[in-house]
Structures are given as C-alpha cells and as structure tokens.
Protein chains: 2
Amino acid sequence: MEDIGKVLSRNLIYRGKILDLRVDNIRLASGRKTMREVVEHEPAVAIIPLTEANEVLLVKQYRYPLDQEILEIPAGIVEEGETFKDTAIRELQEEIGYYPGKLEEVGRFYTSPGFSDEVIALFLAQNLSPSSLEQDEDEDIEVKAVPVKKISALLKDGSIRDCKTFGALAWLLNYLNNN
Amino acid sequence: MEDIGKVLSRNLIYRGKILDLRVDNIRLASGRKTMREVVEHEPAVAIIPLTEANEVLLVKQYRYPLDQEILEIPAGIVEEGETFKDTAIRELQEEIGYYPGKLEEVGRFYTSPGFSDEVIALFLAQNLSPSSLEQDEDEDIEVKAVPVKKISALLKDGSIRDCKTFGALAWLLNYLNNN
C-alpha cells in the first residue's frame with residue numbers, strides 16, 4: 001500500500017510444503033522504517049465445470065484452516081512441470097471425475113495481495129465427459145450440482161463463502177447473460 | 001481437503017504484525033500422518049463505492065508481496081474494537097475520501113481457504129459524500145473512476161488481477177441487472 005523507498009533486508013522465516021514465509025525490513029519513501037510479512041505460495045487453478053444441463057458442479061470439502069466444510073469450485077495447486085491448463089484438467093478429474101472437452105482461461109488474479117503472492121488462474125470447463133482417473137485416496141469430496149438459475153440465490157443467501165467461487169459464479173452469470 | 005482424523009500437535013512458527021503462521025501435525029482418517037500449514041490473519045473488509053454517476057471508484061496501489069501496482073476496490077484490515085461496518089466506513093474515507101450515506105454488506109468469504117483463515121466482508125457503498133478525514137501519510141493511492149458500462153470489458157481484458165475485486169465487480173453487474 002505504501003510507496004516503498006528501499007528494501008533493507010529479506011529474511012526467510014519458514015520454508016514449507018505449500019508456502020514459505022518471508023519478513024522484509026524496508027524504508028518507506030517517507031523515510032519511516034517498517035517491515036512487510038510475505039507468504040510465498042505456489043500458483044493454483046480453479047475451474048467452473050458447466051454441464052450440458054446448465055448445472056455448475058461444486059465441491060463440498062473440509063478446509064483445515066477453517067475447520068469446516070465449504071462449497072467451492074474445483075481447484076488445486078500447480079504441480080512441478082504442469083501448465084495452468086494441465087493442472088485444471090488433472091484437478092477436474094481428481095475432484096469431480098470429469099474430463100473437459102472444452103477448457104478456456106477466463107481470468108487470472110491474486111487471492112490475498114496484501115500478504116501473499118498466490119495467483120489463481122480461473123477456467124471455464126465445458127463438454128464434460130466421465131473420466132477414468134481415480135480420486136486421491138485421502139480426498140473426501142462431495143460433488144453438488146447447482147442449476148445455473150439457482151446461482152443468484154446462492155450468492156445472496158451466504159452459501160458461497162469462498163472468494164474465488166463467489167467471483168467465478170458471479171462471472172458465469174454475466175457470461176451466460178452475454179452469450 | 002482431507003478427512004481429518006486427529007490433530008496431533010499445533011506449533012506456532014511465527015507471531016507477526018498482520019499474520020501468524022502455525023504448522024500442525026495431524027493424522028488423517030486413512031491413518032496417514034501429515035502436516036498442515038495455516039496462516040492466521042485478521043479479518044478484513046472490501047468496499048464497492050458506487051457513485052450517483054454510475055461509476056465505481058477503484059484504487060490503484062503498490063502491493064509489496066507482488067512488487068507491482070494493481071487495481072482494487074478499497075479494502076483494509078479490521079482494527080481492534082471495530083465492527084466490519086466501522087472498518088468499511090474508515091477505509092472508504094482513508095482510501096478515496098468519501099463517506100457512505102448508504103452501506104450494506106453483500107457478502108462474506110474466505111480469500112485462501114487452502115492455507116489461511118482470512119475472511120473478507122464485502123460492502124456496497126452508495127450516496128457518497130466528500131469526507132474531511134485525512135489519508136494516511138504513508139498511503140500512496142491513486143483513485144480511478146470506472147463507468148459501470150466499462151466493467152465487463154475490464155473483467156475480460158485482464159485489467160482486474162485481484163480476486164475480491166473480480167468477484168465484487170462481477171457481483172455488481174448482476175446486482176445492477178436485477179435492480
């Protein structure tokens with residue numbers, strides 16, 4: 001948010017599995033010294049699976065940091081050697097068991113620019129066909145098919161508590177209105 | 001994502017200014033032992049400032065974790081003793097210099113449920129009037145007025161690279177279509 005004058009030092013606090021934590025000492029343009037906490041995170045993808053029957057396939061899953069189950073579009077971290085598109089195709093099969101005949105990136109954005117560099121590429125997946133790929137053994141995901149005509153109500157009644165999913169569903173309504 | 005059987009231990013790795021980092025050892029229902037990295041973050045708010053002239057007021061600001069300027073709706077962290085609404089009113093004045101005559105919460109969601117508990121309350125602010133409150137001295141924020149009719153193009157051309165802003169603007173288009 002501030003106009004950074006100079007980075008005085010970068011300090012790696014933690015190097016982990018899905019994230020690293022860095023704390024930097026900086027001097028603002030105003031001359032004031034302060035620090036910045038930065039969570040470095042691998043890139044990720046999220047997918048809007050839209051069926052021929054005009055349903056969006058959401059996943060209900062337990063999220064450890066929240067200690068609760070929330071409703072989300074399928075998503076996952078980009079693994080080594082994968083393109084965003086590779087990850088989208090893999091996650092779609094692992095999480096909901098479908099292969100996308102048509103897959104297009106519709107947006108790319110940062111999830112928490114105030115403290116993290118995590119970026120998410122958002123895809124629209126159509127022409128879905130059942131996939132033979134098995135789910136991860138530790139995955140415990142329930143698929144919920146939501147008719148497009150019910151999305152407005154979901155966005156309004158607080159059922160959608162994940163930011164990327166809120167944005168993806170609101171984007172989809174506009175997309176369907178204009179196409 | 002996994003079905004958690006038991007939390008074996010919680011370990012605080014870092015206690016910071018805007019976030020803490022915790023690494024927990026857990027046992028999955030499958031019996032496999034693994035760990036979870038959790039970034040604990042203060043709650044935040046984001047505001048969609050809609051003018052009488054049907055413009056949305058966005059802020060262009062430098063984000064340290066990205067080392068770049070991005071376009072966002074006004075937002076900020078909830079300070080001690082504040083309600084979400086208090087924070088929305090303060091941030092709107094500090095970042096764009098307006099006081100909201102009408103302010104309603106339209107959504108509340110997690111920004112990165114895979115690794116953080118950060119929650120954001122989204123508000124729609126209308127009936128804006130100039131505020132006397134001064135901006136933070138270290139703030140270096142440029143306000144951009146975007147006509148509602150240009151939002152669709154912005155969402156499509158990649159100008160919006162912040163997840164909450166992407167969701168907020170897509171939500172606004174639907175809201176204006178239905179009201």
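In helix α1 (residues 84-96) of chain B, B:Glu94 and B:Arg90 lie 4 residues apart, so about one helical turn separates them. Their side chains meet in a salt bridge, with 3.2 Å from N to O. B:Glu94 is buried, and B:Arg90 is buried as well. The model is a predicted one.

**Salt bridges**

Over all chains, a search of the whole structure finds 26 salt bridges. One of them joins the side chains of A:Lys164 and A:Glu72, at 2.7 Å from N to O. This pair links distant parts of the chain, since A:Lys164 belongs to helix α3 of chain A and A:Glu72 to strand β6 of chain A, 92 residues apart. Both A:Lys164 and A:Glu72 are buried.

In chain B, the side chains of B:Glu142 and B:Lys144 also meet in a salt bridge, at 3.6 Å from N to O. B:Glu142 has 38% relative accessibility and therefore counts as partly exposed. B:Lys144 counts as partly exposed too, because its relative accessibility is 34%.

| Salt bridge | Distance, N to O |
|---|---|
| A:Lys164 and A:Glu72 | 2.7 Å |
| B:Glu94 and B:Arg90 | 3.2 Å |
| B:Glu142 and B:Lys144 | 3.6 Å |

In chain A, salt bridges also form a network, which links A:Glu79, A:Glu82, A:Arg90, A:Glu91 and A:Glu94.

**The interface of chain A and chain B**

Contact between the two chains involves 69 residues of chain A and 69 residues of chain B. Between them, chain A and chain B bury about 5900 Å², and 61% of this area is on carbon and sulfur atoms. The count of salt bridges between chain A and chain B is 0. Polar contact is found across the interface, in 25 residue pairs with both residues at pLDDT 80 or more.

On the side of chain A that touches chain B, the elements that give two or more residues are the strands β1 (4-15), β2 (19-28), β3 (33-41), β5 (55-63), β6 (68-72) and β8 (98-110), together with the helices α2 (151-156) and α3 (163-178) of chain A. The largest share comes from α3(A), with 10 residues. Sorted by class, this side of chain A has 33 nonpolar, 15 polar and 21 charged residues.

**Strands β1 and β2 of chain B**

Strand β1 (residues 4-15) of chain B pairs with strand β2 (residues 19-28) of chain B in the antiparallel sense, over 9 bridges. The two strands, β1(B) and β2(B), form a hairpin, and 3 residues lie between them. Within this arrangement, B:Val7 has B:Ile26 of β2(B) as its bridge partner.

**A loop residue of chain B**

B:Lys150 is placed in the loop between β10 (142-147) and α2 (151-156) of chain B. Its relative accessibility is 52%, so B:Lys150 counts as exposed. From C-alpha to C-alpha, B:Lys150 and B:Val56 are 9.9 Å apart in space, although 94 residues apart in sequence.

Terms used. Residues numbered from 1 in each chain as written. Chains lettered and ligands numbered in written order. Predicted model: local features only at pLDDT ≥ 70, side-chain atom pairs only at ≥ 80, totals over all residues. Heavy atoms only, no water. Contact = heavy atoms within 4.5 Å. Buried area = accessible area lost by both parts, 1.4 Å probe. Salt bridge = Lys/Arg side-chain N within 4 Å of Asp/Glu carboxyl O. Polar contact = N/O pair within 3.5 Å; in protein donor to acceptor, adjacent residues only side chain to side chain. Nonpolar A, V, L, I, M, F, W, Y, C, P; charged D, E, K, R; others polar. Pairing = 2+ DSSP bridges. Buried < 20%, exposed > 50% of the residue type's maximum accessible area, 1.4 Å probe, protein only.
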